[in-house]
Amino acid sequence: MRSIILKHYAMAMLAFALTLHVSRAQTPENLSFRPLFNGKNLNGWVDVNTSKDTWKVKNGTLICSGKPIGVMRSDRQYENFILEVEWKHMEAGGNSGIFVWSEGTPQETDPLTKAIEVQMLELDYARQHNATDDYVHGELFPTMGMTAVPDNPRGIRSKSLEKRCKGKGEWNKYVVVCVDGTVKLSVNGKFVNGLRNSERKRGYICLEAEGAEIHFRNMRIMELPDGITSAAQTAPLVN
């Protein structure tokens, strides 16, 4: 009887140890942010189709001249992650953005890339371009034939439910959560936009140069566990 009791006790302790190991493996303490831009140089980034003068690093800030129009991509692909970035435009009406789950290459007839774009527009953009008042910062949308379902539709785009960005010369903070084909965007401390069912769920992260000077800083990423992502849902690898 004693041996049976000891056997059951040992099995119970083993089950407890395994449970403890699994729970520890899944605790938030094991998920951490790391710099996506190190504040010193462009290590970890690859210029795709801009120029050596497009991107500069100064005092911990990544400065993009906006010219020529094109992108710089991460040196590897990402699937599920949380991205934090601070940015500010230096010109009224400035245009830029970040591409997630990107192919990391330009199109044959366009200098930009197939991806999900996280829009960064300066507040005066809509007035300067006689665009609808909904055409503002914080839009999420698929580019170059990519598909996704907008949470707050404006055509294929998803528009922010609140206008929370600051104007030129002032820092804004985006938190971009990308998980299993869903993107959620927080603008200056509040989630205001999203889309789902992205055609691609794994790809490169790209920074956009689109004609106006923009600054980036405190860019960091927390990688989350992978999901079930097929080859068709993964952007092609770039050599």
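The side chains of Glu 139 and Arg 157 form a salt bridge with an N to O distance of 2.8 Å, a salt bridge being a side-chain nitrogen of Lys or Arg within 4 Å of a carboxyl oxygen of Asp or Glu. This pair links distant parts of the chain, with Glu 139 in the loop between α2 (125-128) and β11 (140-142) and Arg 157 in strand β14 (residues 157-158), 18 residues apart; helices (H or I, at least four residues) and strands (E, at least two) are DSSP runs, numbered from the N terminus. Both Glu 139 and Arg 157 are buried, where buried means under 20% relative accessible area, exposed over 50%, and partly exposed in between (1.4 Å probe, protein chains only). The model is predicted, so that local features need pLDDT of at least 70 and side-chain atom pairs count only at pLDDT 80 or more, whereas totals for chains, interfaces and linings use all residues. Residues are numbered from 1 along each chain as its sequence is written, and side-chain values use heavy atoms, with hydrogens and water left out.

By the rule given, the count of salt bridges comes to 18. In another of these, Asp 151 pairs with Lys 184, the closest N and O atoms being 2.7 Å apart. Asp 151 lies in the loop between β12 (149-150) and β13 (153-154) and Lys 184 in strand β16 (residues 182-187), so the pair ties together parts that are 33 residues apart in sequence.
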